Structure formats: structure tokens, C-alpha cells
Amino acid sequence: MTKKRMPKVALIYDFDGTLSPGNMQEFGYMKAIGADKDAFWAANDTMSEQNDASGILCYMLLMIQEAKAKGIHLSREKFRQFGSDVKLFEGVMDWFSLISDYGQIIGLDVRHFINSSGLKEMIEGTPIANRFDGIYASSYLYSKETGEPIWPAVAVDYTTKTQFIFKINKGIKEVSDTRQVNKYVPKEDRPVPFTHMIYIGDGTTDVPCMKVVRDHGGHSIAVYTPGDTEAKAKAEHLIREQRVNFACPANYRRGKMLQRLVMRILDKIKADNEFDRLEKLNKRRYVGEP
């Protein structure tokens, strides 16, 4: 079986708290501006509440304001430099090849995607950026003259995230595409069926996506920082609310619970796909259905 004929599977990840033990701004960026993370996010909450504004748009503005106050010139490349300092959970560096290789072994074409409220430019600076078929995340527009960020290009919040699930379903990579994503495409012609999706996230911004994927026959996994009892309780609560299928620690090392879980889901996807194929063949043979 060639790779082109293999059924496609999409693993879709949040970033902050999912692949990284914290918000991406809390590493290189906050070190550069000398900010305390609690103070930064408190200021962001205050700006959002006082102006009844999006917390995502507020943090994007606050990042620019704080850097300017410290005389730091922001640019696309500077954000990527900050991204190179972002810490990742244990095992993340080897995770993508581990899962993709297993998919190849059982006859699945596994693709990886980011769906994040964080900054695309910073994710592009991480050492895992080239492992993703698509990175859907917040981003800036930049001045052609100075290279500085001047306006939000994309702001991804908890509801915005759901649109990217449908873009992946229909094979649309461009954020700006609003025509093809709303175009009718028969389920059987969509590159990645919802049943072939695995969504991995941790926070409240992921809940709508987790629910959409789960309700459409896919699988959602709530991860939490190992040893964080409060985060574990929140993840388990999502199971009780039937918003996710599973909860487990965000440990991506070989042999750990998350790896075993994802591989079993891939086994199920492969088995279900083979069952559907055999059922269709049987109907054509005995009933004459197309």
C-alpha cells in the first residue's frame, strides 16, 4: 500500500499546557522584558475586563507595549528567537516520528497540526515547527518599513479554534480562506474525516474543539502537567461532562500512557476503516449498491 492510498489521520494539538509546560510568552519573551509571569497575566486580565475585550487581543497588544517600554524591537524573527527558548514536555521531540512511524506500520498516513491561541511566529521558532502540516495560531501583521508588528492578523480564541477543525477536515490550510471551508463537500470526499481526528489539549480554549471532535466520532484527550493535582482534576471533570474521551499526563515519552493510548486509537481507526471498506465491498457484491 502506498502512502497516497493510506487513510489520513490528523493529530491536532493545542500548544500551551499541551506540548509545553506553560504559556510560550513565559520563557524567552518574559526573560527579555524582565517581567513576572503572574504580573503580566494579571495586567492582561485587567485590560480585558476593563475594556470588555478579548483576552487574546489584549495579550497581543500587551506584548507590544511591554517590549516597547523596555526598548526591545519586536519583529517576526525576534518572536521566532523567543520561540526557540520555549520548553517542551518530556518526549515531545521524538513524539511525532514515533507516532507517524507507527501509523505507517499499520497503514495510516498520520499528519500533525497545531491549533493554538498562542503566537504562530513563536511556534515557528520551536525545534518541532517542521513536524506540523499546519500551524493555526494567532499572528501579527508587520510593517513593511520597520518589520515591527502593527496589528493582529489572526486572533485565535476558544470559538475561533473550531473553524480550523473544519479546515483540516476539508484539507484547507489558508486561514484567509472563507469560501472553501463553507463549500459543501460530501463526507466521503473530505481528506480527513472527523472519525480520523485525535484532538489533544489542556485548557478551556480547547473544550469546544474537544467536544466537536468527540461528538463527530473522533477522539479527544485532555492532558495535564504530571504531578499537578488541580489540572488532573479539571481533565477528569471533562470526562464526566462527556467533553473528552480520555485524560492522561502530558508525558510524550515512549511507553508512557499517552503513547499507548494514541497507538490504540490508531489501531481502532485502522480497524474501523477496514470494516467500512469490507462492508461496502459486500454491499456491492450482494446488493449492487455503489
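## Basis of the report

Contact, as used throughout this report, means heavy atoms within 4.5 Å. The model described here is predicted, and local features need pLDDT of at least 70, side-chain atom pairs count only at pLDDT 80 or more, and totals for chains, interfaces and linings use all residues. Residues are numbered from 1 along each chain as its sequence is written, and side-chain values use heavy atoms, with hydrogens and water left out.

Helices (H or I, at least four residues) and strands (E, at least two) are DSSP runs numbered from the N terminus. A residue is called buried under 20% relative accessible area, exposed over 50%, and partly exposed in between (1.4 Å probe, protein chains only).

Phe-40 is found in helix α2 and is buried, with a relative accessible area of 4%. Not counting residues up to four places away in sequence, Phe-40 touches Tyr-29, Met-30, Tyr-59, Leu-62, Met-63 and Glu-66. Of these, Met-30 lies 10 residues from Phe-40 along the chain, and the two C-alpha atoms are separated by 8.6 Å.

Helix α2 (residues 37-51) and helix α3 (residues 55-69) have axes that come within 9 Å and cross at roughly 125°. Such axes are lines fitted to C-alpha atoms, for helices over the stretch in contact, and angles run from 0 to 180 degrees between N-to-C directions. Angles under 35 degrees count as roughly parallel, over 145 as roughly antiparallel, 65 to 115 as roughly perpendicular and the rest as oblique; α2 and α3 are therefore oblique to each other. The crossing of α2 and α3 is right-handed, a term used if the near helix is turned clockwise from the far one by less than a right angle, the anticlockwise case being left-handed.

On the α2 side, the meeting residues are Phe-40, Trp-41, Ala-43, Asn-44, Met-47 and Ser-48, and on the α3 side they are Gly-55, Cys-58, Tyr-59, Leu-61, Leu-62, Met-63, Gln-65 and Glu-66. The residues of this contact divide into nine nonpolar, four polar and one charged. Here Ala, Val, Leu, Ile, Met, Phe, Trp, Tyr, Cys and Pro count as nonpolar, Asp, Glu, Lys and Arg as charged, and the others, Gly among them, as polar.

## The pair α5 and α10

Helix α5 (residues 92-106) packs with helix α10 (residues 257-286) at an angle of about 30°, their axes being 10 Å apart. The two helices are therefore roughly parallel to each other, and their crossing is right-handed.

From α5, Trp-95, Leu-98, Ile-99, Tyr-102 and Ile-106 meet Leu-258, Gln-259, Val-262, Met-263, Arg-264, Leu-266, Asp-267 and Lys-270 of α10. This contact is made by nine nonpolar, one polar and three charged residues.

## Nonpolar cores

A nonpolar core is a set of buried Ala, Val, Leu, Ile, Met, Phe, Trp, Tyr and Cys residues joined through side-chain atoms within 4.5 Å. The largest has 58 residues, and those with the most contacts inside it are Leu-19, Ile-221, Tyr-252, Val-262 and Leu-266. Leaving aside neighbours within four places in sequence, Tyr-252 is in contact with Thr-18, Leu-19, Phe-89, Glu-90, Gly-91, Val-92, Trp-95, Ile-200, Val-223 and Leu-258. A second, separate core of 24 residues includes Tyr-136, Ile-168, Cys-209 and Val-244.

Cys-209 is also one of the buried residues of helix α8 (residues 207-215), which are Val-207, Cys-209, Met-210, Val-212 and Val-213. Their cover includes β2 (109-119), α7 (160-170), β5 (197-201), β6 (219-224) and α9 (229-240). After α8 comes Gly-217, with a positive phi near 95°.

## A strand residue and the loops

Ser-139, found in strand β3 (residues 134-142), counts as buried at 11% relative accessibility. Beyond four places in sequence, Ser-139 touches Met-60, Leu-119, Lys-120, Glu-121, Pro-152, Ala-153 and Val-154. Pro-191, in the loop between α7 and β5, counts as partly exposed at 34% relative accessibility. Pro-191 and Ala-10 are 181 residues apart in sequence and 9.8 Å apart in space, C-alpha to C-alpha.

Most residues other than glycine have a negative phi. Asp-52, however, has a positive phi near 45°; Asp-52 lies in the loop between α2 and α3 and counts as exposed at 74% relative accessibility. Gln-242 likewise has a positive phi, near 60°. Gln-242 is placed in the loop between α9 and β7 (246-249) and is partly exposed, with a relative accessible area of 47%.
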